[in-house]
Amino acid sequence: MSTLDNLLGPCKYLKVLDLFLQNPEELMNLREIARRLNKNPGSITPILPTLLQRNYITSTRIGTKIVAYKLNNNSKIIKQLKKLLKQAEEN
């Protein structure tokens, strides 16, 4: 179970966000995200635009078809989430 699941309850949205928080420097495409979460890519697809819109992740085009995503470490919300998770792990 992910750290955010423990704090806030299970949700695919939180699982995806937690994956990025646990791997803050990694670029991941849709298939990699789905594989790591053991989910169908189709169930992950609707979550990514929301994370992008909220500026929690960034996207990078690789080639003509592949898009990779990464945690936006410059986001104020992400910085606060990292602090919150660190405090939760210490307690």
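Reader: Thanks. Which residues form a positive surface patch here?
Author: Before I answer, please keep in mind that this is a predicted model. In this model, the positive surface patch is made by Lys76, Lys79, Lys82 and Lys83.

Reader: Where is Lys83 placed?
Author: Lys83 sits in helix H6, which covers residues 76-90.

Reader: And is Lys83 buried or exposed?
Author: Lys83 counts as exposed, because its relative accessibility is 51% and the cut-off for exposed is over 50%.

Reader: OK, let's go inside. Which residues touch the most other members in the largest nonpolar core?
Author: That core has 22 residues, and the ones touching the most other members are Val16, Phe20, Ile33, Leu48 and Leu51. Two or more residues come from each of helix H2 (12-22), helix H3 (30-37), helix H5 (47-53), strand E3 (66-71) and H6.

Reader: Which of them gives the most to this core?
Author: That is H2, which contributes 7 residues to the core. As general background, nonpolar side chains in soluble globular proteins tend to be buried together.

Reader: I clicked on Leu37. Is it buried or exposed?
Author: Leu37, which lies in helix H3, is buried, because its relative accessible area is 18% and buried means under 20%. If you look for Leu19, you will find that the C-alpha atoms of Leu37 and Leu19 are separated by 8.0 Å, although the two residues are 18 residues apart along the chain.

Reader: Which residues form a nonpolar patch on the surface?
Author: Leu27, Ile62 and Ile66 form that patch, and together they have about 260 Å² of accessible area. Leu27 is in the loop between H2 and strand E1 (28-29), and with a relative accessible area of 48% it is partly exposed.

Reader: Changing topic, how many salt bridges does the structure hold?
Author: The structure holds 4 salt bridges. One of them joins the side chains of Glu25 and Lys70, with a distance of 3.4 Å from N to O.

Reader: Why does that pair tie together parts that are apart in sequence?
Author: Glu25 is in the loop between H2 and E1 while Lys70 is in strand E3, so the pair ties together parts that are 45 residues apart in sequence. As for accessibility, Glu25 is exposed at 58% relative accessible area, whereas Lys70 is partly exposed at 23%.

Reader: What does Arg36 form a salt bridge with?
Author: Its partner is Glu26, and the closest N and O atoms of the two are 2.5 Å apart. Because Arg36 lies in helix H3 and Glu26 in the loop between H2 and E1, this pair ties together parts that are 10 residues apart in sequence. Arg36 is partly exposed, with a relative accessible area of 31%, and Glu26 is also partly exposed, at 31% relative accessibility.

Reader: And where do Glu32 and Arg35 lie?
Author: Both are in helix H3, 3 residues apart, which is about one turn of the helix.

Notes: Residues are numbered from 1 along each chain as its sequence is written. This is a predicted model: local features need pLDDT of at least 70, side-chain atom pairs count only at pLDDT 80 or more; totals for chains, interfaces and linings use all residues. Side-chain values use heavy atoms; hydrogens and water are left out. Patches are made of residues with over 30% relative accessible area and no salt bridge: like charges are joined within 9 Å, nonpolar side chains (Val, Leu, Ile, Met, Phe, Trp, Tyr) within 5 Å. Accessible areas come from the Shrake-Rupley method with a 1.4 Å probe; for residues, only the protein chains shown count as cover. Lys and Arg count as positive and Asp and Glu as negative; His and the chain ends are not counted. The place of a charge is taken as NZ of Lys, CZ of Arg, CG of Asp or CD of Glu. Helices (H or I, at least four residues) and strands (E, at least two) are DSSP runs, numbered from the N terminus. Buried means under 20% relative accessible area, exposed over 50%, partly exposed in between (1.4 Å probe, protein chains only). A nonpolar core is a set of buried Ala, Val, Leu, Ile, Met, Phe, Trp, Tyr and Cys residues joined through side-chain atoms within 4.5 Å.
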